[in-house]
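Dear colleague,

I am handing over the structure below, and after it I set out what was found. Please read the notes with the coordinates open beside you.

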Amino acid sequence: MDEEYDVIVLGTGLKECILSGLLSVDGLKVLHMDRNDYYGGDSTSLNLNQLWKKFRGEDKPPAHLGASRDYNVDMVPKFMMANGTLVRTLIHTDVTKYLSFKAVDGSYVFSSGKIYKVPATDMEALKSSLMGLFEKRRARNFFIYVQDYDEANPQTHQGLDLTRVTTRELIAKYGLSADTVDFIGHALALHRDDLYLDEPALDTVKRMKLYAESLARFQGGSPYIYPLYGLGELPQGFARLSAVYGGTYMLNKPECKVEFDMEGKVCGVTSEGETAKCKKVVCDPSYLPNKVRKIGRVIRAIAIMSHPIPNTNESHSVQIILPQKQLGRKSDMYVFCCSYTHNVAPRGKFIAFVSAEAETDNPQAELKPGVDLLGSVDEIFYDVYDRYEPVNEPSLDNCFVSTSYDATTHFETTVTDVLNMYTMITGKTIDLSVDLSAASAAEEY
């Protein structure tokens, strides 16, 4: 361990593993350490025994739930947009060869006390029971405008400069109702609150186009995909990528104390009496608690069930977004469900999560609107964790700290954080249009 590295990465959460893979591909000498004896950090997947130990102490799970090894329960459940940034990062790095994916059955939105399938195109808008006849026509016209919009072709802009026109102003042009605006903004554009309404409309239009492109990619019932055997496979995939390009891994390394020189710049990491020297450190907030601040809490219910979520067309995997306004909240609530069809539970079993940013001190009561949608549950657990963001100046100390995972059940915000960190560390913007698979194959042989 007494060597010098360009970068030492602490923690094997998904963000840290993506970065160690990308930095290794760039030719940097990377050492990746974790105090745990498993990959994934806070974003790991647990088997049934591990789940029971985490939430129920030493209790043994009941036999009727099936074999422990058949469960892969994500601690940070998230789906991927089929044409989103994470998928493009996986293709760019050729990590797709280590993973298998399956489309997610359904994308739903909660409106006026009911669950509705999310319409994403002009044709789906016409069929949707979410809207009345006249509203369908108005929504269809809006969807056609979004589908036809091309940033590079002013003829598709209908005289609107979307870098200046707000989303609220654009939507007003089509006369859409508040409930329609709710599902467009939260279930299609995936905004987490209503601040977007008074921001330039271009971002919302791009997000809607991404949703429609992702939906078209697999011709499935939703724009989302999800790896077989759970998200714990993702960090390991990027760890393999890093190893292929010369990265070194050390799990089960206690303490991992970051060392600084006289100028306050990072100079190494010490564990078990040995120090590895480095120029930069990348880590999750738990490794440098004095360089982060608390920005909130995530509350989550984890349920094991013997049936799909009611009113979702028997979907074995589904996301339901409950927009803030529908619940009288400041931010959205999310329901995520997957099952044995994604190899995360034994046959006949379903894993459901209800997630939100905490707004009170009573997470159980706060999550009730989402939990009520699940129907009967075999077992339910409640989890609460604090969220942190970095407050240091990386140019002064060479420490690059990731932001804690949010309550969303999709990956777009997560990957934005990773790519921003990559640019801060390297000074470069990653070009996701480049396919590294040929280079990767050359390295292996």
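In this predicted model, Ile-304 touches Leu-48, Leu-51, Trp-52, Leu-65, Tyr-71, Lys-349, Phe-350, Ile-351, Val-377, Asp-378, Glu-379 and Phe-381, leaving aside residues up to four places away in sequence, where a contact means heavy atoms within 4.5 Å. A nonpolar core is here a set of buried Ala, Val, Leu, Ile, Met, Phe, Trp, Tyr and Cys residues joined through side-chain atoms within 4.5 Å, and buried means under 20% relative accessible area, with exposed over 50% and partly exposed in between (1.4 Å probe, protein chains only).

As for conventions, residues are numbered from 1 along each chain as its sequence is written, and side-chain values use heavy atoms, with hydrogens and water left out. Local features need pLDDT of at least 70 and side-chain atom pairs count only at pLDDT 80 or more, whereas totals for chains, interfaces and linings use all residues.

Helix α7 (residues 178-188) has nine of its 11 residues buried, so it is largely enclosed by the rest of the structure; helices (H or I, at least four residues) and strands (E, at least two) are DSSP runs, numbered from the N terminus. Among the buried residues of α7 are Phe-183, Ile-184 and His-186, and the buried part of this helix packs against β7 (106-111), α5 (133-148), α6 (167-174), α8 (201-218), β15 (318-322) and α10 (324-327). After α7 comes Leu-190, with a positive phi near 60°.

Turning to the strands, which count as paired if DSSP finds at least two bridges between them, an open antiparallel sheet of three strands has the order β5-β9-β6. Because β5 (80-81) and β6 (101-103) each have a single partner strand and stand at the edges, one side of each is left without a neighbour in the sheet. Three bridges link β6 to β9 (residues 224-227), and Lys-102 has Tyr-226 as its bridge partner in β9.

Elsewhere, β11 (residues 257-260) and β12 (residues 266-271) run antiparallel and are joined by four bridges, with Val-258 opposite Val-269. Five residues lie between the strands of this hairpin, where Gly-264 takes a positive phi near 85°.

With best wishes
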